[in-house]
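Please keep the sequence and the structure in view while reading.

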Amino acid sequence: MKKIGFVGLGSMGLPMAGNLARAGFAVTGFDLRPEAGAKLAAAGGVAAASLTDAFAGQDAAVLMVVNATQAEDILFGAGALAHLPEGGAVILMATCPPAAVAALARRVEAEGRRLVDAPVSGGVVGAEAGSLTIMVAAPSDLFAQVKPVLDAMGSKVVLLGEKAGQGATAKAVNQLLCGVHLAVAGEALSLAETLGLDMDAMLDIVSGSAASSWMLRDRGPRMLESEPRVTSAVDIFVKDLGIVLEAGAGAKTALPLAATAHQMFLAVSGQGKGAKDDSKVIDAYRALQG
């Protein structure tokens, strides 16, 4: 696969598409914001004038969009899938409910194309560095075809199984841990703040002790900033933890910590901060302290 369409040139999609171009793939990218297409062109890709251009004649089309509904609208509502050559692959890299991914795969296959379930973890930093973890579900022959494409965007590409939805399920488990780690980091640092501790010293201690986690080390410093750079928005975790809880409900599995973390992100989103960096989850605890 050499010719890749790419839809969704946001904070993660744009560097991912750029990494594909730098790896030698012919990338044609589409985004509703013209400036995103211009940035892709500067990185070695081609800005598509329409969704049709991003699908027509491609070996595969990557969807780095917000959710399953948006993916469905692009593929079927806007009719973009019909422009992908028969036998072409749709690589769905958004975080979606497992059942929704399985349903999309059935519809894509009914149209003579194939779907690769390939959500990612690593955020903007991982997207920029090409070090994403990519959780894949696809038949073995299809996985072999798309793996060079995925390798250009991630440093860890793991095949979970052949059934669409298995990658999405792995991402749900991953996001449960990420969301809970992030929420409890906010709780701990809020406690330290309320007790009047030196916050820089406290962060230094917990970041280098057994209490540490990747989320604490990455988001903790930003929790101490008034307006941190947005690398992943609060509303992303509102969505992702919602998917986690949906998966748990479907399996009749209690997820009390995920549910509590979800409420903290919801509280911050309700403050009008849904588009802020997800490190702002600490503001839920600050509000509780008055």
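In this predicted model, the buried residues of helix H10 are covered by elements that include helix H8 (166–194), helix H9 (199–207), helix H11 (234–250) and helix H13 (282–288). The points below begin with that helix and then turn to the nonpolar cores and the rings.

**Helix H10**
- Helix H10 spans residues 214–223, and its buried residues are Met215, Leu216, Arg219, Gly220, Arg222 and Met223.
- These residues lie on the same side of H10, because they cover an arc of only 165° around the axis.

**Nonpolar cores**
- The largest nonpolar core has 36 residues, of which Phe6, Met16, Ile91, Met93, Ile134 and Leu150 touch the most other members.
- Among the elements that give two or more residues to this core are strand E1 (3–7), helix H1 (13–22), strand E8 (132–137) and helix H7 (140–151).
- Another core, of 28 residues, lies apart from it and has Met223, Phe237, Ala261 and Phe265 among its members.

**Aromatic rings**
- The structure holds one aromatic pair, in which phenylalanine 237 and phenylalanine 265 are stacked at 5.1 Å centre to centre, with 20° between the planes.
- Because phenylalanine 237 lies in helix H11 and phenylalanine 265 in helix H12 (residues 256–273), the pair ties together parts that are 28 residues apart in sequence.
- Phenylalanine 237 counts as buried at 3% relative accessibility, and phenylalanine 265 counts as buried at 0%.
- Lysine 2 lies over the face of phenylalanine 25, at 5.8 Å from the ring centre, while arginine 107 lies over the face of phenylalanine 76, at 3.9 Å from the ring centre.

Key: Residues are numbered from 1 along each chain as its sequence is written. This is a predicted model: local features need pLDDT of at least 70, side-chain atom pairs count only at pLDDT 80 or more; totals for chains, interfaces and linings use all residues. Side-chain values use heavy atoms; hydrogens and water are left out. A nonpolar core is a set of buried Ala, Val, Leu, Ile, Met, Phe, Trp, Tyr and Cys residues joined through side-chain atoms within 4.5 Å. Buried means under 20% relative accessible area, exposed over 50%, partly exposed in between (1.4 Å probe, protein chains only). Helices (H or I, at least four residues) and strands (E, at least two) are DSSP runs, numbered from the N terminus. The arc is that of the directions from the helix axis to the C-beta atoms. Contact means heavy atoms within 4.5 Å. Rings of Phe, Tyr and Trp (its six-membered ring) pair if their centres lie within 6.5 Å; planes under 30 degrees apart count as stacked, over 60 as edge-to-face and the rest as tilted. A charge sits over a ring if NZ of Lys or CZ of Arg is within 6 Å of the ring centre and within 35 degrees of the ring normal.
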